[in-house]
Amino acid sequence: MSDENTPLTPPEEDEQPPKRPEYTKKQRILALLGAIAMIALTLMYAYSIATGDLFFR
């Protein structure tokens, strides 16, 4: 029972961790704008719930 948590295959000496994908500047900017838009929508929704005016009359 002492080998219960040992890996099934021994780690290799030359094994490298997987590389992270490279993103272009355009992709990074689009992700930033999308995150800002989602935060704005969330704040707008929370404000409309707090004031009782869910749909702008």
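Start by selecting Ser48 and Tyr45. The Ser48 side chain reaches the backbone oxygen of Tyr45 at 2.7 Å. Keep in mind that this model is predicted.

Stay on Ser48. Is Ser48 buried or exposed? Ser48 counts as buried because its relative accessibility is 4%, and the cut-off for buried is under 20%. Ser48 is found in helix α1.

Now zoom out to the whole protein. How many helices and strands does the secondary structure have? There is 1 helix, and there are 0 strands. Colour the chain by burial next. Of the 57 residues, 2% count as buried. The accessible surface comes to about 6300 Å². Carbon and sulfur atoms account for 64% of that area.

Select residues 25–51, which make up helix α1. The helix has 27 residues. From its first C-alpha to its last, α1 reaches 39 Å. That is close to the 39 Å expected at 1.5 Å a residue.

Move along α1 to Leu30, which has its place in this helix. Leu30 is exposed because its relative accessible area is 52%, and exposed means over 50%.

For the last stop, go just past the end of the helix. Which residue just after α1 takes a positive phi? Select Gly52: its phi is about 80 degrees.

Notes
Residues are numbered from 1 along each chain as its sequence is written. This is a predicted model: local features need pLDDT of at least 70, side-chain atom pairs count only at pLDDT 80 or more; totals for chains, interfaces and linings use all residues. Side-chain values use heavy atoms; hydrogens and water are left out. Helices (H or I, at least four residues) and strands (E, at least two) are DSSP runs, numbered from the N terminus. Buried means under 20% relative accessible area, exposed over 50%, partly exposed in between (1.4 Å probe, protein chains only). Accessible areas come from the Shrake-Rupley method with a 1.4 Å probe; for residues, only the protein chains shown count as cover. A polar contact is a pair of N or O atoms within 3.5 Å; within protein, one must be able to donate a hydrogen and the other to accept it, and residues adjacent in sequence count only if both atoms are side-chain atoms. The expected span of a helix is 1.5 Å times one less than its number of residues.
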